[in-house]
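Please examine both before reading on.

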Amino acid sequence: MHHTSSSHLQESGTSQYISREERDHQRYEQLRAEFAKIDANNDGQLSKEEIITYIQGMTQGHMNAEAIDQVFKLMDRDRNAMISVEEFINGFMELENQYEKKIDALSEQIQQDKIQRDDTREKLLEAKRTEKVNKYGIMQGSILTVTVERAENLEPMDMTGTSDPYAVVKCEGRKDKTEYQTATLNPVWGSSFTFDVTRPDGIIEVEIWDHDTFNSNDFEGKVEIPLVTLKDQQRIDDWFRLKNSTGEPLRGKVFLGLQWIHSRVTYLADIIEDWDENITEDEKDLEELKEQLFSLQDPVNLLIKADSVIQVGKKEISAEDSVQRVVSGTLGIENVPMFTFTFIAVGIFFICTTLTLFHRPAFVDMTVGFMCWYFVILRINPLSSKIYRLLAASLSTAAVYDLFWLVYYTYHWTIGSSIDNGMEDNIRRFVLLFSLLAFLYKIPFAALMWKNSIAQRDIQLAQSRMNRYG
């Protein structure tokens, strides 16, 4: 863990360094003493009832039972409804480590933002010295950027039912165009053009044409965008419906990127204002994180204020990651413990694999499945970070194998063979379907195992520090 102000003591004008080992030892002894205070029956384990009774005595009954329950689940690693002294100490050390990582990352982000803001301030000073404007208030060298990204659902103009479309961009008497794309109704150009603009009342025109080698080109539609819609100097990326020459809508649409910089002074000042707002908000969040980290020095204070420690504003400290939250939310099972979640994931993997065995030798999947069952469900071997990484790598390998298998057998069982809708073909379709589901499932399953490896690594680091003084 990273320590700042607590790492040095000022005594008589000199700096006395306290080693990391000494700090860890002091922290270990403090946490052991706090554990003993809460352990009412002196059995070396804490039940949820013991914690609640202790907190009620400290706060005259005022507490957040739901938040305490979340902290209890976070510390109860083996899910036996009891917290050992090792789990108690590991829980605090891991939580402190998570806070310090977030503090370091946010501090680095703030520093980088300040560097970019200061660099923008230098550019603003230069712009104030050099910028000149015309009678319309438009700076000399005003730049309009038009990016013609792509179009969709264009009208077919050729006998083949397609078109050879290209785009023409016009503004203030100047025009430019993209290359034409052959035989498509959904062209992708990705072409950017810049225009010098001197008046604020102009119109941007983007026309779509069908290229013909021997005949005249065919008009497919156009869009018109008034420059005034870009006066805030912010970039716009959006779809625009094509219209005919009389303004009636057509079937196609075009995706454009538009930005008009007509005053560098105003543009840079707006950017600096945005930087200031973001930095102020991040600095506020950073102070909240530091206050919560400091509050962890008193374990009882953590339990009393558990709700504010579980989530600090937008900077959430949680044992679950996005993979678990997304899948849990989809299944409608919120707040599932990580081990239970992993247990469910292994079960689903076995079901998908078993259902493919009707017409496919799934040796690779069954091998990986039994590895997951052996390590995760039976818990015969210690669940180290390396084991979780092994499982993640095995699942990734199985997914690659599935991909090649699906490509080969989808062709030979469907496209490359006659279909008579008999029992054999129905079984093959069934196997292909569940093979595809198993392939898609392996990706988040591997991500879950990798996440477990990271969490287990943090636990092991905290455990190794604790063991030196146990």
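A residue is called buried when its relative accessible area is under 20%, exposed when it is over 50%, and partly exposed in between (1.4 Å probe, protein chains only). The structure is a predicted model, in which local features need pLDDT of at least 70 and side-chain atom pairs count only at pLDDT 80 or more, while totals for chains, interfaces and linings use all residues. Residues are numbered from 1 along each chain as its sequence is written, and side-chain values use heavy atoms, with hydrogens and water left out.

**Loop residues**

Most residues other than glycine have a negative phi. R79 and A183 have positive values, as the table shows. Helices (H or I, at least four residues) and strands (E, at least two) are DSSP runs numbered from the N terminus.

P200 lies in the loop between β8 and β9 and is partly exposed, at 32% relative accessibility. Contact means heavy atoms within 4.5 Å. Leaving aside neighbours within four places in sequence, P200 is in contact with Y136, I138, L227, V228 and W260. P200 and P226 are 26 residues apart in sequence, and their C-alpha atoms are 8.8 Å apart in space.

**Nonpolar cores**

A nonpolar core is a set of buried Ala, Val, Leu, Ile, Met, Phe, Trp, Tyr and Cys residues joined through side-chain atoms within 4.5 Å. The largest such core has 26 residues, and L144, V148, I204, V254 and L256 have the most contacts inside it. Strands that each supply at least two residues of this core include β5 (143-152), β9 (203-210) and β12 (249-261). When residues up to four places away in sequence are not counted, L256 touches several others, among them V148, V206, I225 and F240. Another core, of 18 residues, lies apart from the largest one and includes A398, Y441, F445 and M449.

**A helix pair**

The axes of α4 (residues 85-130) and α5 (residues 264-295) come within 9 Å and cross at roughly 160°. Axes are lines fitted to C-alpha atoms, for helices over the stretch in contact, and angles run from 0 to 180 degrees between N-to-C directions. Angles over 145 degrees count as roughly antiparallel, and α4 is therefore roughly antiparallel to α5.

Methods
Angles under 35 degrees count as roughly parallel, over 145 as roughly antiparallel, 65 to 115 as roughly perpendicular and the rest as oblique.
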